[in-house]
Amino acid sequence: MSVQKTDILRSCGSCNVCCGVFAVPELGKLDFHRCPHLRDDAISGGCSIYEVRPKTCRVFKCLWLWNDHGIVLPESMRPDRSGIVFTYLFAAETLHGKAIREYVAANGDGPCAIEVWPGSASKPESVLFVAGLARTHNVYVSTRESIGFIEKGTTL
Ligand code: SF4
Ligand code: SF4
């Protein structure tokens with residue numbers, strides 16, 4: 001069965017959460033580490049090397065930004081509001097990426113919900129959204145300390 005892709009035009013806006021979560025091998029940046037190229041101030045916040053940022057950064061789109069696999073995240077689940085980044089994409093050469101890929105190889109494809117701030121995945125709206133997603137998709141839930149798996153069809 002092919003999955004219909006819904007076209008939603010979104011931009012990251014003031015969100016830069018993935019720059020503090022995902023490994024960028026070209027920069028030697030590890031998972032869950034803030035990128036040294038991320039500006040601090042709110043006014044000019046964002047990537048200080050945007051025009052020449054690595055390919056890993058150029059290709060990354062979280063599921064809020066890009067509704068892949070028929071998954072449409074509500075506005076409220078933008079990562080800088082929810083504290084969770086949903087994605088199918090991981091750098092293969094990182095420890096975290098390898099671990100997720102091993103889980104996916106063993107259990108089947110599915111999005112990963114990465115908890116950015118401790119406790120974000122336990123918030124009622126997050127739990128509700130993940131519960132809905134788990135009806136139709138395998139869901140991986142990743143924190144700094146662990147990776148969990150919710151099998152498709154599970155009722156939470
Ligand atoms: S986490 Fe998603 S919305 Fe936020 S900056 Fe990254 S790609 Fe954009
Ligand atoms: S290089 Fe720029 S886009 Fe890439 S992680 Fe760092 S701040 Fe983000």
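Trainee: Which residues surround ligand 2?
Mentor: This is a predicted model. In it, ligand 2 is surrounded by Cys19, Val24, Cys35, His37, Leu38, Cys47, Ile49, Arg53 and Cys57.

Trainee: How does that shell split by class?
Mentor: The shell around ligand 2 has seven nonpolar residues, one polar and one charged.

Trainee: OK, what surrounds ligand 1?
Mentor: Cys12, Cys15, Asn16, Val17, Cys18, Lys61, Cys62, Trp64, Leu65, Arg78, Pro79 and Val85.

Trainee: And the classes there, around ligand 1?
Mentor: Nine nonpolar, one polar and two charged residues.

Trainee: New topic. How many helices and strands does the chain have?
Mentor: Four helices and six strands. Along the sequence, the pattern reads β-β-α-α-β-α-β-α-β-β.

Trainee: Where is helix α3, and how far does it reach?
Mentor: Helix α3 covers residues 95–107, which is 13 residues. From first C-alpha to last, α3 reaches 18 Å, close to the 18 Å expected at 1.5 Å a residue.

Trainee: What follows α3?
Mentor: Gly108. The phi of Gly108 is positive, near 110°.

Trainee: Now the whole chain. What radius of gyration does the chain have?
Mentor: The chain has 15 Å. A compact globule with 156 residues would have a value near 15 Å, so the two agree. The C-alpha trace spans about 45 × 35 × 30 Å along its principal axes.

Trainee: What share of the residues is buried?
Mentor: Buried residues make up 26% of the 156 in the chain.

Trainee: And what share of contacts joins residues at least 24 apart?
Mentor: 60%, among contacts between residues at least 6 apart in sequence.

Key:
Residues are numbered from 1 along each chain as its sequence is written. Chains are lettered from A and ligands numbered from 1 in the order in which they are written. This is a predicted model: local features need pLDDT of at least 70, side-chain atom pairs count only at pLDDT 80 or more; totals for chains, interfaces and linings use all residues. A residue is near a molecule or strand if its C-beta atom, placed from the backbone, lies within 6 Å of it. Ala, Val, Leu, Ile, Met, Phe, Trp, Tyr, Cys and Pro count as nonpolar, Asp, Glu, Lys and Arg as charged, and the others, Gly among them, as polar. Helices (H or I, at least four residues) and strands (E, at least two) are DSSP runs, numbered from the N terminus. The expected span of a helix is 1.5 Å times one less than its number of residues. The radius of gyration is taken over C-alpha atoms; the globule rule is 2.2 Å times the number of residues to the power 0.38. A residue is buried if 20 or more other C-beta atoms lie within 10 Å of its own, exposed if 12 or fewer, and partly exposed in between; C-beta atoms are placed from the backbone. Two residues are in contact if their C-beta atoms, placed from the backbone, lie within 7 Å.
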